[in-house]
Amino acid sequence: MKKICFLAVLLSLFTSLPAEEYPLYDFENYEIGTEFLLKDVSGNPVSAKSYAVVAADPTGKDNKVLHVLLVNSWNTYPEYPLPDGFTAAEFCTYQSVAFSLYRPQVLPKNNDNMQTAIYLGDKKIYQEEHPNYPDQGERGKWHEKRYAFTPVETEASYFLLGLHADTMEYYLDNIRLVRVEKGYDYTDETQTLRYYVEQCGNGKHIGVATPSSWKNVIDLNNDLLDMSQTVFRNFNMVVAEDDMKFDAIEPNRNDFNFGYADALVDFAERHGMKVRGHTLCWHKQLPEWVTKNEDRNSHNYSREELLSILRNHIDTIVSHYKGRIAEWDVVNECLEDNQRSYYYGESYMYDLRASVWSKGIGGKLGWGDENVGGDFIDSAFVYAHRADPDAKLFLNDYGVENRGRKADAYYYLAKHLVDNNIPIHGVGLQCHFKAGELDSAGLVRQIQRFQELGLEVIITELDIASSDKQADEFRTITNIFMEQKNCPNMVLWGVSDRDSWRSGALPLLFDADLAAKPAFFAVRDALEKAWNDILSVAPVPNDARPQSPYVDVYNFAGQKIASGMRRESVNFLPTGIYIVDGEKIMVR
Ligand code: XIL
């Protein structure tokens, strides 16, 4: 039955109309005084003083509403039967619930209790969480609320909706389901980013950082969630925004926490996506047991001890994911921002950042502070390579994407590693750009000189601050990514602007409702252009493969217009250019 429910959800997703509201309860058809059942989800009896009853609008308007009074009743909500013939699976396709909320001038005993909760049958599908004690708006007024919930598989015939309160009074009205217009339909693969990058057949990946577990916006075990679908339908690579960092994965010495990271790798495998690992050795997001101060060895560990901490960390994690994580950011942000000694005598050099690793392990590499050394870099790469010889290993940094001292220092550091046979396969350019910062000629030059060293270059953490040029800048960088041969992957640093680490900058492809922004369409157009360029340069010869009498037909925009059409029938399509078996066909 589980399967059938899931199919029903998929089916209704495919047949769904754009932006829609489905009214559930406006209470107008009920007599004043009609009681709604109150249910305590913890299974306790509901106090006899509590009630939920249809009443007149407290603002005096000619309108009926539901009046709820809870007295010492935790976890207790009104129960609303689903309309006849309307299934829980259909309910879930909407992805959000909206309603009006009114609270009279009566204070609940404790503000903490005012979180909204929604259940579908006995499954909780939404709960406002700590630390976001919700502001339910000024008392004595109606407020509009809308919450995205987590779809679940259930055959429930009712839902619960109310405030998670102990003792309080509130009114509800206009409860409805909302399906937000996304501007595109991700259930049609030809409208997604992933489709176009994969059509190119050149092995490139478009990736995204999945929001940190503590942001509570993705459940990697739930493929029905809007956020999950946005990720796996649009992208074919993922990286954990925070959950593979040192503090998340080894919070206490030799005590590894793989929970979220494992769920991410499972998610990726379930959806045929590659995983980037981020990051093994960094000065930030370290647990206190490593250091209490990011630019110091605050516990005065000896060089040997720090090397053994680093080796155990890298060896355990990389071995754990051997063969499952394709590439690792091994060393992150190891360069100083200000490269003072970058030209030294006859040769170019680089200043390393002071960190527990550079200070505690030391070594001869690098200039600047004489107590800072680069032995940790060589060591980290060697440890990672030993643990998984097939994983590709990267440096990663910011402020190195265009021209300038730090960009040069990055090149010389990578060259040094290559010259010394350290197992490095490429470098990451983070690309956290301010508006107008992208310098395309500088970026191309930077990518190409790493190619001369035999290194790949990955756009690892792309986000571009919003401006009227945002979409164009995303288009430009996508073109560069698709054109440069040694640039196999481009990764967005987050999904929705709402959850971005640069929240005010609105720097991503999707807005707070996961609706596609102009930047999304610019990226998709650039990927589609790359595919068309490939088709026009290298048409697949007709005789290269056996011909099936049935073909799928695409229009020039890449949208599938017919599946399994008889090959001869293509000639009877309306005048235009079609793509059949990877070849352009002109019908006159
Ligand atoms: C950021 C995350 O996005 C935030 O959630 C976290 O609080 C701080 O780190 N360079 C990196 C990333 O290499 O790991 C950083 O990610 C952004 C800058």
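Me: What does buried area mean for two parts of a chain, and how much do domain 2 and domain 3 bury between them?
Reply: Buried area is the accessible area (1.4 Å probe) that two parts lose on being put together, summed over both. In this predicted model, domain 2 (193-241 + 431-536) and domain 3 (244-421), with bounds from an automatic or database domain assignment, bury about 3200 Å² between them, 58% of it on carbon and sulfur atoms. Of the area that domain 2 buries against domain 3, Leu-220, Val-238 and Leu-453 supply 19%, more than any other three residues.

Me: Which values rest on the confidence of the model?
Reply: Local features need pLDDT of at least 70 and side-chain atom pairs count only at pLDDT 80 or more, while totals for chains, interfaces and linings use all residues. Residues are numbered from 1 along each chain as its sequence is written, and side-chain values use heavy atoms, with hydrogens and water left out.

Me: How many residues of domain 2 are in contact with domain 3?
Reply: Taking contact as heavy atoms within 4.5 Å, 40 residues of domain 2 touch 31 residues of domain 3.

Me: How many salt bridges does the rule find across this interface?
Reply: A salt bridge is a side-chain nitrogen of Lys or Arg within 4 Å of a carboxyl oxygen of Asp or Glu, and the rule finds 4 of them across the interface of domain 2 and domain 3. Arg-449 forms a salt bridge with Asp-408, where the closest N and O atoms are 2.6 Å apart.
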